[in-house]
Amino acid sequence: MITKPNINYCSDKFILNIALIISLIALTAIAIIFRQSLLLLLLNAFVVGAFYFIIGYLIKRRERQIAKLSEYLRNVIAGNNAFDLRDYEEGEISALKAEIYKVTNILMLQNEMLLHDKKQLADQLSNISHQLKTPLTSVGLMSELLANADDSNRDKINSILSVEIKRMNWLVQTLLKLSRFDADAVELKIEENNLSELIKNALSPFSIQLDVRNITAEIEINEKITINADCSWFSEAISNIMKNAFQYINENGKIEIKADDNPLFTRIIISDNGIGIPKDEIRYVFDRFHIGKNAENESTGIGLALTESIIKKHGGVISVSSGNGTKFEITLYKVLQNSHQK
């Protein structure tokens, strides 16, 4: 329970009264000693009274200002919206008002951020639960079937179980990686890498898929271009873009990877001639757990979110556009990269 503070101003009033009494006694003594006229004595008393009135007014005014500050702070503690108490005047009380208003606004902003983070965490937990529910249900069902299956069906059921377990493992690992980026707990091992070689290494796990679907991957990158990056994390970012491309590209399709380099930045462009991403979904591509209308059933909607976190950690930006196919652009600013290394 919040109680109103009991502010005691008796000491100020007591001192003021003593000063008045002493002044009157002094004036009376002066009038008697120097035989001043009664009119002069009354004039002096009037001056002292006026002085007493002014001082009393100032003390009352300060009491009201402090009471207003106390009321303001009680409202802030109670969680009510804080009004603007600044009066833009000179003086210690006005300066104190401005500082209190500044601090309370900072506290309210921090509180709003905490509430936003709390809601975001709740949404993410709900999405994670939803993503794990399907493979867990499938694993449970397959386990029951496996217990009663004959030898001819065991291999098929084991194969399905293996796929679902791998899917859950990838999902959990990716979520852990995202959490590390959120907590700023990832330390990049920045090294100078040949961009062409880095891209080729990132594409190597997709060689079989490219052959099976007869998809052509063309890399048009100057062999002299280098970037400062963490090879492992950057390769994962490229891999996630490639996985997205496979969801929207048909057989006999084409993926092109190009790069531009200048003293300010290096830009990597990854494009395909697939069906593209609907315009109303472009803005949500990097949102966590967003699954496009044309995405595969196995899609989890977190791969590109992780890619964006990786690129940002490298001091870069990533964007996407879609028309006749989909195009991702990664821009690595060299000035920002150098500051990240320092």
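**Labels and their criteria**

Q: What makes Phe53 exposed?
A: Phe53 has a relative accessible area of 60%. Exposed stands for over 50%, buried for under 20%, and partly exposed for values in between (1.4 Å probe, protein chains only), so Phe53 counts as exposed. Phe53 lies in helix 2 (residues 38-77); helices are DSSP runs of H or I with at least four residues, strands are runs of E with at least two, and both are numbered from the N terminus.

This is a predicted model, in which local features need pLDDT of at least 70 and side-chain atom pairs count only at pLDDT 80 or more, while totals for chains, interfaces and linings use all residues. Residues are numbered from 1 along each chain as its sequence is written, and side-chain values use heavy atoms, with hydrogens and water left out.

Q: Why is His314 called buried?
A: His314 has a relative accessible area of 2%, and the limit is under 20%; therefore His314 is buried. His314 is found in the loop between helix 8 (303-313) and strand 6 (316-323). A polar atom of the His314 side chain is 2.8 Å from the backbone oxygen of Ile310.

Q: How do you know that the span of helix 4 agrees with its number of residues?
A: The expected span is 1.5 Å times one less than the number of residues. Helix 4 (residues 151-182) has 32 residues and should therefore span 46 Å; its end C-alpha atoms are 47 Å apart, which agrees. The buried residues of helix 4 include Ile157, Glu164, Arg167 and Phe181. Just after helix 4, Asp184 has a positive phi of about 55°.

Q: What makes the pair Glu223 and Lys200 a salt bridge?
A: The closest N and O atoms of Glu223 and Lys200 are 3.9 Å apart. A salt bridge places a side-chain nitrogen of Lys or Arg within 4 Å of a carboxyl oxygen of Asp or Glu, so the pair qualifies. Glu223 is in the loop between strand 2 and strand 3 (226-229) and Lys200 in helix 5 (residues 195-203), so the pair ties together parts that are 23 residues apart in sequence.

Q: Where does the salt bridge between Lys334 and Asp261 lie in the chain?
A: The closest N and O atoms of Lys334 and Asp261 are 3.0 Å apart. The pair links distant parts of the chain, with Lys334 in helix 9 (residues 334-341) and Asp261 in strand 4, 73 residues apart. Lys334, at 24% relative accessibility, counts as partly exposed, as does Asp261 at 40%.

Q: Are Glu308 and Lys312 buried, partly exposed or exposed?
A: Glu308 is partly exposed, because its relative accessible area is 21%, whereas Lys312 counts as exposed at 53%. Both residues lie in helix 8, 4 residues apart, about one turn of the helix. Glu308 and Lys312 form a salt bridge whose closest N and O atoms are 3.8 Å apart.

Terms used: A polar contact is a pair of N or O atoms within 3.5 Å; within protein, one must be able to donate a hydrogen and the other to accept it, and residues adjacent in sequence count only if both atoms are side-chain atoms.
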